[in-house]
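Morning, everyone. I'll keep this short. Please have a look at the model first.

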Amino acid sequence: MQVSDMRAFRSLHLCKTIQTISTGNPNPIITCCRSRNHPLFTKISHRRFLSTAAADESSSASSWSAFPNSQPPADSASPKTPTVQTIYDPTTGRVVTKREYNVSKEVEKSESTPPAVEVGSRVYGDVIGSSSVRSSSMKKKGKSRSVHVCESCGYSDGQWWGTCKQCGEVGTMKRFTTESVDRKVSGMQVSENAVRSWLPKDTAPVKLTDVYGRIDDSNWRIPLSGLFGAEVERVLGGGLVPGSLVLVGGDPGVGKSTLLLQIAALITEGKDVNIPGRVIYVSGEESVEQIANRADRLSIETDELFLHSSTDIEDILEHAQHLSPRALIIDSIQTVYLRGVTGSAGGDVQVKECTSALLRFAKKTNIPVLLIGHVTKTGDIAGPRVLEHIVDVVLYMEGEKYSAHRLLRSVKNRFGSTDELGVFKMSRSGLEGLSNPSEMFLVDQHSDSDYLAGLAIAVIVDGSRAFLIEIQALCVAGSSVVRHLNGVQGSRADMIISVIIKQAGLKLQENGIFLNVVSGVSLTETAGDLAIAAAICSSFLEFPIPNGVAFIAEIGLGGELRMVPQLEKRINTLAKLGYKKCIVPKSAEKSLSDLQPHGMEILGCKNLKEMINTVFVRS
């Protein structure tokens with residue numbers, strides 16, 4: 001026996017059971033919609049079985065067949081009388097019943113249009129909606145809901161019933177679809193609603209030459225005055241761009257809130273342009289009194305700085321509309337939320353939509369928005385990676401836990417270079433810019449002290465700035481520790497030590513070697529190779545390197561000294577700081593002959609042996 005025949009006989013058995021159950025009720029109200037999406041619908045949809053009510057009206061009902069080619073009698077039901085029919089649904093594997101009007105016409109149109117179902121539908125075992133309602137509810141889950149209302153008395157119910165529970169009328173419950181109150185919104189919609197009333201309606205494309213005429217390069221950016229402002233401007237590329245979205249990240253306690261609060265104070269003062277402007281500082285983590293206490297420690301006294309404690313983006317943008325500030329600061333993006341968006345504050349969806357709302361607000365109003373972002377334990381900004389793609393500028397603030405110095409670095413900047421670095425010092429009055437950043441990496445030297453043997457000065461370049469760092473080395477004969485490195489790459493240190501043993505002839509095999517970079521800096525540039533070798537030789541020979549000597553070169557496997565990039569900038573930095581001698585590769589000596597830095601002697605060496613013979617010679 002084929003599978004289709006077995007299903008048909010199983011349907012007959014279930015139909016018989018249904019007819020037995022419905023004997024006590026002459027007008028059963030159990031309906032269901034047939035599925036037309038299943039490939040077996042054309043073969044199975046005609047397997048109809050009359051209910052008890054329909055069978056009483058037609059004596060020919062018993063002659064109906066359960067197989068596909070059988071047709072029901074044309075006069076099986078009156079056009080005005082509802083007929084209950086049982087149908088096998090191949091998609092669910094169940095036998096369902098339905099009640100419909102004008103059966104004779106519906107049978108003829110069964111291949112083209114579905115029959116008119118009265119209201120809802122029901123399946124034995126569970127309750128579902130009609131096929132159209134079911135598909136729409138699956139596609140728009142959470143956006144709409146169905147309510148059944150009585151036409152006679154107005155009683156409403158979430159489920160369809162044959163009779164109204166209040167007035168008792170039969171067949172008066174009609175279904176209505178209503179939109180859900182908590183439908184989802186996007187950040188773009190919120191920002192558009194917030195700025196629609198105070199923006200020009202013209203958004204047509206504009207010629208590039210016309211845009212050039214609108215921009216005054218001298219006054220376009222918002223300037224930041226003072227030494228602190230100069231360091232921030234260096235990282236931003238020349239000032240704060242109107243309409244930009246800036247994200248500042250960093251470890252907890254590194255000084256992000258202090259940085260933005262001082263920037264807000266500079267904008268409100270407007271010393272360079274003599275135009276003070278309003279700034280709104282919004283915090284979702286601190287109260288207004290706590291922000292004011294921190295501003296008092298920083299000696300900030302201005303009437304144009306407005307403080308607000310809120311986490312609702314719509315509320316923040318509404319206040320910004322009334323005050324029309326020159327800049328908006330939000331601390332932090334992980335604490336704010338958008339009503340109607342899935343998830344709690346700090347979630348991926350919330351962070352993305354809130355940032356999108358602030359981005360559109362900044363672009364439409366030409367008001368710069370500065371955000372503070374939390375970081376994860378790996379050092380990345382918390383939230384989705386798309387957050388860094390949305391914003392215009394991404395700044396990272398770095399600093400050692402027990403050090404007062406802070407570094408502000410740009411990793412993304414649509415309006416400037418990402419090679420710039422700002423150096424600050426944290427004091428009781430806030431962050432202060434450093435005019436000589438190299439002082440944070442250097443200590444006082446005393447060449448007449450034996451215990452200071454093993455110190456060498458290297459010059460590194462970070463962005464457009466050159467820094468002087470101090471490298472320390474210690475060689476201990478018979479030490480159980482072979483090597484201990486801090487701030488130097490292990491593979492690079494092993495190579496330099498091997499070259500010294502092989503090419504310079506120093507017997508370092510039986511010595512434990514310790515290397516350290518002062519102030520916790522990680523040396524990744526090859527320009528520090530010669531300084532590392534000089535520090536090791538100084539400690540092994542117990543010969544302190546004289547004051548005022550620096551080393552700039554890369555070491556090859558043959559012991560030769562190689563050129564490094566931006567050599568002139570490094571030499572000029574040494575000259576400004578008062579250094580007397582600089583050891584460089586012999587090949588760079590000719591190119592630096594025209595430089596002639598004031599009071600500095602440039603010594604060229606071909607290899608390590610020549611460097612040792614030049615530096616470690618007693619006068």
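What is the strand order in the open sheet of nine strands? The order is S11-S10-S12-S13-S9-S14-S15-S16-S17, and the pairing is mixed. Before I go on, the ground rules. This is a predicted model, where local features need pLDDT of at least 70, side-chain atom pairs count only at pLDDT 80 or more, and totals for chains, interfaces and linings use all residues. Residues are numbered from 1 along each chain as its sequence is written, and side-chain values use heavy atoms, leaving out hydrogens and water.

Back to the sheet. Strands here are DSSP runs of E, at least two residues, and helices are runs of H or I, at least four residues, numbered from the N terminus. Two strands pair if DSSP finds at least two bridges between them. At the edges sit S11 (305-309) and S17 (430-433), each pairing on one side only. On average, neighbouring strands are turned by 25° against each other, direction ignored. Axes are lines fitted to C-alpha atoms, for helices over the stretch in contact; angles run from 0 to 180 degrees between N-to-C directions.

S10 (residues 279-283) and S12 (residues 327-331) run parallel, joined by five bridges. Serine 283 is opposite aspartate 331 in S12.

Next, the helices. Contact means heavy atoms within 4.5 Å. Helix H12 (residues 348-365) packs on the sheet and touches S9 (245-250), S12 and S13 (369-373). Its direction makes about 160° with that of S13. Helix H8 (residues 226-236) lies across S14 (393-398), S15 (405-413), S16 (421-427) and S17. H8 runs at about 145° to S16.

On to strand S25 (residues 581-585). Four of its five residues are buried, meaning under 20% relative accessible area; exposed is over 50%, partly exposed in between (1.4 Å probe, protein chains only). S25 pairs in the parallel sense with S22 (residues 549-551) over three bridges. There, alanine 550 has cysteine 582 as its bridge partner. S25 also runs parallel to S26 (residues 601-605), with five bridges. Lysine 581 is partnered with glutamate 601 in S26.

Last, the cysteines. Cysteine 167 is partly exposed at 33% relative accessible area, whereas cysteine 475 is buried at 14%.
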